[in-house]
Amino acid sequence: MIGKRLIGLTAIFLLFISAIMPTVATAKAERGIMDESIYDLLVDRFNNGERTNDIDVDTYTGNAFHGGDFLGIQGRLQHIIDMGFTMISLGSVFKTETYDGSSVLSYTELEPHFGTDEELNALVKEIHEKKMKVIADFPLGKVSADHEWTKGQTYKFTHSADGTVDWDPTDTNMQDALIQAAVDFFTAYNLDGLRLTKLEGFDDAFLNEMIDAIHNAKDGAYVLTNEESGASFDLKPGDATIQSLRQSFVRFDPDSSPMDIFKENEQSGLLQFDDLTGPRFTYDMVEARMFPPTRWKVAATTLFTLPGVPLMTYGTEIAVNGKEAPESHPLFNFKTDMEFKDLIGNLNLLRNESETLRTGDFEMLHNEDGFMIYTRTSEDETWVIAVNNTSKTSDFAIPAEKIGENKKLRGLLDGDLIRESDDGLFRVVLDREIAEVYIADDDKGFNTPYLIASILVYVIFLGFLFLVIKKGRDRRRTENEI
């Protein structure tokens, strides 16, 4: 009985505290593409949840299947939820000759190593129940020479030097078939979108036709790509953006001038340090003889606070290394230390809760040799992001007009607090290789009502606690006397 009362009193106490604590603006009920943050994974290399589909699985051979499947992802959804991602991007799930799904054999059958139709449907259903979205790859080219469409004379194709097949992009029958196959796959599994890959040879007019067909198949559907393109994708990467991020964070004291791309152009595309097809960013860090955990902690702060939609490849939270596949595609080791996972979760939490951090105005206040200060602002909020990617303590003075009247800057990662000085400046001072995210709060000086309320809550709570304990002792004393 005493335990239950203590739990109830504790709950009341926490609810009261949360009611009087300042909060950031909450997220919109309906989210669009700019509100998402994406976790990108290969089914075969994430988690093995079902042993009965482990046909010729060999975890010691890089190019072999390693056993990851739909049930494995479903069993580890909480890992992705803990990091605050709103969307999961699955590599190709079609029947394939290769673990990464790059040599597709069919646009209708799933890869048996990955699981059944029922298991993919169950995975998608649970992802939706967890209030997340899910997309999957649809490759337009570089399919297997044994693809089911190569068996007849219906569609035109050419053989590539690497042994794969490319569809003839001028064949109207092929174009219609690809669009229909993409829409059928997308709708059959109730996906939230597709990522079109292997675009080479297909012109923007055809790609836009396919994009429109997918959009028309379901309200709010997303169509992404992992390649630069002139077509009207909802999201696509930019090589210049990726290179500016990699160059500015691969080591401390960098030339961070490429980051000025964000002030020269309003960025609204994908934000990513690497992808599933190229070298991991951790590989660059190691090559530069840097310490990856520190590098990633500084870099991640920008990933989730710059304009655009953050995409993180699986395993980044444990600093997966590798120059190229298959070394860059290890089976995820869930027993590895995940200190970086908590930071990702905290940053994603801030982004998910603040529309301003997702879509607010951007201004670069300072950018010199790895020390950057920028703001994300709206009518409701002002955020200041300070990134000291240097080898020494750095400081910068922000004019008060950039923050607002009667404000203080409250750090949400390390708890730093900055008030306006007498000369009208907010002085940001950061130790080496540290990043902080500040929210501008009203500064009312010594907050007497808040202090009194806080003290009263503690006093009342301790008083109730004392009475409950005393009553319990009195009851036991009475029982002993009887």
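Two parts are in contact when heavy atoms of one lie within 4.5 Å of heavy atoms of the other. Keep that in mind as you explore this predicted model.

**Stop 1: helix H5.** Select residues 172-188, the 17 residues of H5. From first C-alpha to last, the helix reaches 24 Å, close to the 24 Å expected at 1.5 Å a residue. Now colour its buried residues, among them Met-174, Leu-178, Ile-179, Val-183, Phe-185 and Phe-186. What do the buried residues of H5 pack against? Show strand S3 (133-139), strand S5 (165-167), strand S6 (193-197) and helix H6 (204-217), and you have the partners.

**Stop 2: the ends of H5.** Go to the start of the helix and pick Asp-171: one of its side-chain oxygens comes to within 3.0 Å of the backbone nitrogen of Asn-173. Then look at what follows H5, where Asn-190 has a positive phi, near 55°.

**Stop 3: Arg-376.** Next, select strand S11, residues 371-377, and find Arg-376 in it. Is this arginine buried or exposed? Arg-376 is buried, because its relative accessible area is 1%, and buried means under 20%.

Stop 4: Finish by selecting Asp-100, Ser-102, Lys-198, Leu-276 and Thr-277, which lie nearest the pocket's centre among its 23 lining residues. The pocket holds about 510 Å³ of space, and its lining has 6 nonpolar, 10 polar and 7 charged residues.

Methods
Residues numbered from 1 in each chain as written. Predicted model: local features only at pLDDT ≥ 70, side-chain atom pairs only at ≥ 80, totals over all residues. Heavy atoms only, no water. Helix = DSSP H or I, 4+ residues; strand = E, 2+ residues; numbered from the N terminus. Expected span 1.5 Å × (residues − 1). Buried < 20%, exposed > 50% of the residue type's maximum accessible area, 1.4 Å probe, protein only. Polar contact = N/O pair within 3.5 Å; in protein donor to acceptor, adjacent residues only side chain to side chain. 1 Å grid on protein atoms, 1.4 Å probe; cavity = no way out; pocket = protein on both sides within 12 Å on 5 of 7 lines; lining within 4 Å. Points joined across faces, edges and corners; volume = space filled by probe spheres on them. Nonpolar A, V, L, I, M, F, W, Y, C, P; charged D, E, K, R; others polar.
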